Amino acid sequence: MIKVSALLTFLLIFVTASQAQQPTPLITNIDGRHTIDLNGRWQIIIDPYETGYYDYRYQPSTDGYFKNAKPKSPSDLIEYDFDTSQQLNVPGDWNSQDQKLLFYEGTIWYKKSFDYQKKDRTRLFAYFGAANYLADVYLNGQKLGRHEGGFTPFNFEITKLVREKDNFLVVKVDNKRRRDAVPTLNTDWWNYGGLTRDVNLVEVPDAFIEDYFLQLKKGSTDEISGWVKLNGATLGKAINVEIPEANVKHSAAIDANGYAPITFKARLDLWSPENPKLYAVKISTDSDSVADRIGFRKLDTRGTDILLNGKPIFLRGICIHEESPLRGGRAFSEDDARMLLTWAKELGSNFVRLAHYPHNEHMTRLADEMGIMVWSEIPVYWTVLWDNPETFENARNQLEESITRDKNKASVILWSVANETPVSEARIKFLKGLIDHARKMDPTRLLTAANERHYADPNTQVIDDPLGEYLDVLGCNEYVGWYDGLPEKADRLTWKVAQNKPLIISEFGGDALFGNHGDKGVRWTEEYQKNLYEHQLVMLKKIPSLRGMTPWILTDFRSPRRPLPRIQDFYNRKGLISSRGERKQAFYVLQNFYRSLIKEGK
Ligand code: GCU
């Protein structure tokens, strides 16, 4: 007969586990709402064996570190104590904050205590900009839920659980890599762990504006189309959309699902790199209002052209990893974003590929302001488990959270669903599923992916990935002159592109250690990298359908796959700028090339 205590324990675990619900629907634009930031010093417990989560039978414990327990008497046995434990900065990865954690992959528990002044008819959410990779979140010992994916925001409602005094928010962050995860086991970037972006409390009224989508209708330059979603409101409640500068005052009523469809005409100054016009937009109801700054632009393709506001454009780009060059570690602040985007502008870029995952929201907000177009990507990188439904669901969820966060950003022009993924039926099915989901959520932007190419013969490169059929813009990574022959090989290559669509060469480049000089045939020297760029740019200019490029990469970045002593030292050195901010010779080759394109009006 099952002992009562065992049954109770089982029921408790089952109830708690089943209650560990997914994050609540994502709230858009928390910058436009009333927030209390929980950034700063958090107490941590490093827990490689997950002792704070599992009991010695490796069963989830009901008495884990999330309880933040304190001995009630001198004889009480408590084997952890957040308040006398080490502290780390949030936002921030743990790897670059403490040398002993540089290579650490596992669990670290974070705890933040706070008081909160409760308010009538006010709901409260805990909002995380991101946590890499798997986050279990608790408030005052209660499980709020779990979030998977290291680069997208999530929030939990805590209205009922929060109290006036001594709240403790505990997050178990686990960055262990898994074969079925997204990304999977193998990447060429540092697996920075932790609460890597801002943590905020978000206050909203009982009935609040949860989400909205306001962009120009596909193909139009004067009709705004979208929707507003209310949370906790009743049928027929009115919402207002105001754009004072465009004399817009529009009202609509919500339907039974809390949505109010929005369509209205407006005379607008369209957003572009030359004129990054953002309009102050106010969305309100009788109980809530949200302010935003939104740009409106028209985006299309026509044959092999990408059209912005009806005009063909050339995307003078550069790839960027979300790493703070000078400080090291994950970039997370507005200053980090401004530094990276300013360097990209210095190159002559009007476009950046934010590789290989959604970067923090400071990047896309600043890109809106600075007039830089953005390729936004989810980390379906190399060889994920294409046949695994959970893996697909995870990727689809990361895509959904990324689109939810950035769908009102004029700068974001491309959603990328994959990088260098091997051609197979299962992969096509997986990626087509993502593409369809993105189109359903956002009919206004272009879909792409960074695909591979192959040789038809020693002098002919072919881009004919079957995935191209489902994309608006083709992306292709090539490393002629680095992994594929020497730089001069580019001189004799021609390119065949199967689909009549715009092409972006989404990666090319080679490693150079800043200050390492020698003959141009010597690898790892600046002269080699310079020579490689010179041959590449001549070759690429000859590709008829080329409408953009994003060389790999703006700055050197950390990678666990790059151990070569005194050259790499766990850095990928393909940056045009070193990890100390020094410009390499190739930086000026690309800068001159972009300046010549600008002169040509491209
Ligand atoms: C790949 C990949 C990058 C990687 C780069 C390199 O193409 O997409 O993530 O860093 O090549 O090898 O340097």
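Author: Start with a definition. A salt bridge is a side-chain nitrogen of Lys or Arg within 4 Å of a carboxyl oxygen of Asp or Glu. A word on the source: this is a predicted model, where local features need pLDDT of at least 70, side-chain atom pairs count only at pLDDT 80 or more, and totals for chains, interfaces and linings use all residues. Residues are numbered from 1 along each chain as its sequence is written, and side-chain values use heavy atoms, with hydrogens and water left out.

Reader: How many salt bridges does the rule give?

Author: The count is 53. Take D136 and R146: their closest N and O atoms are 2.7 Å apart. This pair links distant parts of the chain, with D136 in strand β6 (residues 134-139) and R146 in strand β7 (residues 142-148), ten residues apart. Strands (E, at least two residues) and helices (H or I, at least four) are DSSP runs, numbered from the N terminus. D136 also forms a salt bridge with K143, again with closest N and O atoms 2.7 Å apart.

Reader: Is D136 buried or exposed?

Author: Burial is read from relative accessible area: buried is under 20%, exposed over 50%, partly exposed in between (1.4 Å probe, protein chains only). D136 counts as buried because its value is 1%. K143 is buried at 17%. R146 is partly exposed at 30%.

Reader: Which residues are linked in a network of salt bridges?

Author: D31, D292, E361, R365, R405, D406 and K409 are. Elsewhere, R197 pairs with E322, the closest N and O atoms being 3.1 Å apart. R197 lies in the loop between β9 (167-174) and β10 (199-205), and E322 in the loop between β21 (315-321) and α2 (334-347), 125 residues apart. Both R197 and E322 are buried.

Reader: What surrounds the ligand?

Author: A residue is near a molecule if one of its heavy atoms lies within 4 Å of it. Here 14 residues surround the ligand, and the closest are D188, H356, Y381, E420 and Y483.

Reader: Where do polar side-chain atoms lie relative to oxygen atoms of the ligand?

Author: A polar side-chain atom of H356 lies 2.7 Å from a ligand oxygen. For W552 the distance is 3.2 Å. For K574 it is 2.7 Å. The protein covers 97% of the 320 Å² of accessible area that the ligand has on its own, by the Shrake-Rupley method with a 1.4 Å probe.

Methods: A polar contact is a pair of N or O atoms within 3.5 Å; within protein, one must be able to donate a hydrogen and the other to accept it, and residues adjacent in sequence count only if both atoms are side-chain atoms.
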